[in-house]
Amino acid sequence: MKAVIQRVSRAEVRVDGEVVGKIGEGYLILVGVMNGDTVNEAQLLARKTANLRIFTDENDKMNRSILDIDGEVLAVSQFTLCADVHKGNRPSFIESAPPQEANALYEAFCSALSENGVRKVEKGVFGAHMEVSLLNNGPVTILYDTDTWKGKV
């Protein structure tokens with residue numbers, strides 16, 4: 001699984017002009033599910049995300065997690081994170097998990113965030129055309145790929 005984690009002051013996602021997810025301070029997370037990803041990887045990604053320390057402490061050091069600040073998460077499924085751009089100019093999405101499998105792992109990731117202590121987890125609408133707006137705080141953006149932790153799953 002892949003995740004783009006953005007530290008935000010606020011974020012929201014709209015579908016057909018209607019707000020379907022909205023948060024204050026926390027993370028906007030774009031989530032991509034690859035072929036072969038598992039529930040164990042979704043749980044590991046959630047645990048690592050919940051404990052990621054990118055909020056500043058009293059010394060202006062990135063030393064606090066989303067749990068420490070009682071922050072919120074807006075998680076948005078984004079299959080385009082799985083794009084293969086090795087050849088040509090048109091991305092291939094053949095490595096993206098099939099929709100039913102991807103949705104199940106996206107939901108598992110969101111549930112695992114809550115199980116790991118994140119107070120509020122909002123979501124986009126899987127498979128929908130979404131408009132995402134955010135106020136990036138920093139900016140701070142972290143890329144996670146569960147392949148980084150293979151063998152620890």
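Guide: Happy to! Two strands pair if DSSP finds at least two bridges between them. Helices (H or I, at least four residues) and strands (E, at least two) are DSSP runs, numbered from the N terminus. Please keep in mind that this is a predicted model, where local features need pLDDT of at least 70 and side-chain atom pairs count only at pLDDT 80 or more, while totals for chains, interfaces and linings use all residues. Residues are numbered from 1 along each chain as its sequence is written, and side-chain values use heavy atoms, with hydrogens and water left out.

Visitor: Got it. How many bridges join S3 to S6?

Guide: There are 6 bridges between S3 and S6, and the two strands run parallel. One spot to look at is tyrosine 27, which stands opposite valine 73 in S6.

Visitor: And on S7, what is the bridge partner of valine 73?

Guide: That is valine 121 in S7. S6 and S7, the latter covering residues 120-123, also pair in the parallel sense, over 4 bridges. Another contact there has leucine 74 bridged to glutamate 122 of S7.

Visitor: How many residues of S6 are buried?

Guide: Buried means under 20% relative accessible area, exposed over 50% and partly exposed in between (1.4 Å probe, protein chains only). For S6 the count is 6 of its 6 residues, so to speak a strand that is mostly covered.

Visitor: Which residues point one way from S6, and which the other way?

Guide: Glu72, Leu74 and Val76 point one way from S6, while Val73, Ala75 and Ser77 point the other way. Both groups are buried. As a rule, side chains in a regular strand alternate between the two faces of the sheet.

Visitor: Changing topic: how many aromatic pairs does a search of the whole structure find?

Guide: The search turns up 4 aromatic pairs. Among them is tyrosine 27 with phenylalanine 55, a stacked pair at 5.3 Å centre to centre with 20 degrees between the planes. For the wording, rings of Phe, Tyr and Trp (its six-membered ring) pair if their centres lie within 6.5 Å, and planes under 30 degrees apart count as stacked, over 60 as edge-to-face and the rest as tilted.

Visitor: Where do tyrosine 27 and phenylalanine 55 lie?

Guide: Tyrosine 27 lies in strand S3 (residues 26-32) and phenylalanine 55 in strand S4 (residues 53-56), so the pair ties together parts that are 28 residues apart in sequence.

Visitor: Are tyrosine 27 and phenylalanine 55 buried or exposed?

Guide: Both tyrosine 27 and phenylalanine 55 are buried. Another pair is phenylalanine 79 with phenylalanine 93, and that one is edge-to-face, 4.9 Å centre to centre and 65 degrees between the planes.

Visitor: What does the pair of phenylalanine 79 and phenylalanine 93 tie together?

Guide: Both of these residues sit in the loop between strand S6 (72-77) and helix H2 (99-115), so their pair ties together parts that are 14 residues apart in sequence. Phenylalanine 79 is partly exposed at 48% relative accessible area, and phenylalanine 93 is partly exposed too, at 31%.

Visitor: Nice. Now the backbone: which peptide bond is cis, with omega near -5 degrees?

Guide: The bond from glycine 138 to proline 139 is the cis one. Proline 139 belongs to strand S8, residues 131-145.

Visitor: What about phi of aspartate 16?

Guide: Phi of aspartate 16 is near 55 degrees, a positive value in a residue other than glycine. Aspartate 16 is in the loop between strand S1 (2-15) and strand S2 (18-23), and it is exposed, with a relative accessible area of 80%.

Visitor: And phi of aspartate 70, what is that near?

Guide: Near 60 degrees, again positive in a residue other than glycine. Aspartate 70 lies in the loop between S5 and S6 and is partly exposed at 42% relative accessibility. Isoleucine 69 has its place in the loop between strand S5 (62-65) and S6, but isoleucine 69 counts as buried, at 18%.

Visitor: Last one: where is leucine 44 found?

Guide: Leucine 44 is in helix H1, residues 39-51, and is buried at 5% relative accessibility. From leucine 44 to glycine 117 is 14 Å in space, C-alpha to C-alpha, with the two 73 residues apart in sequence.
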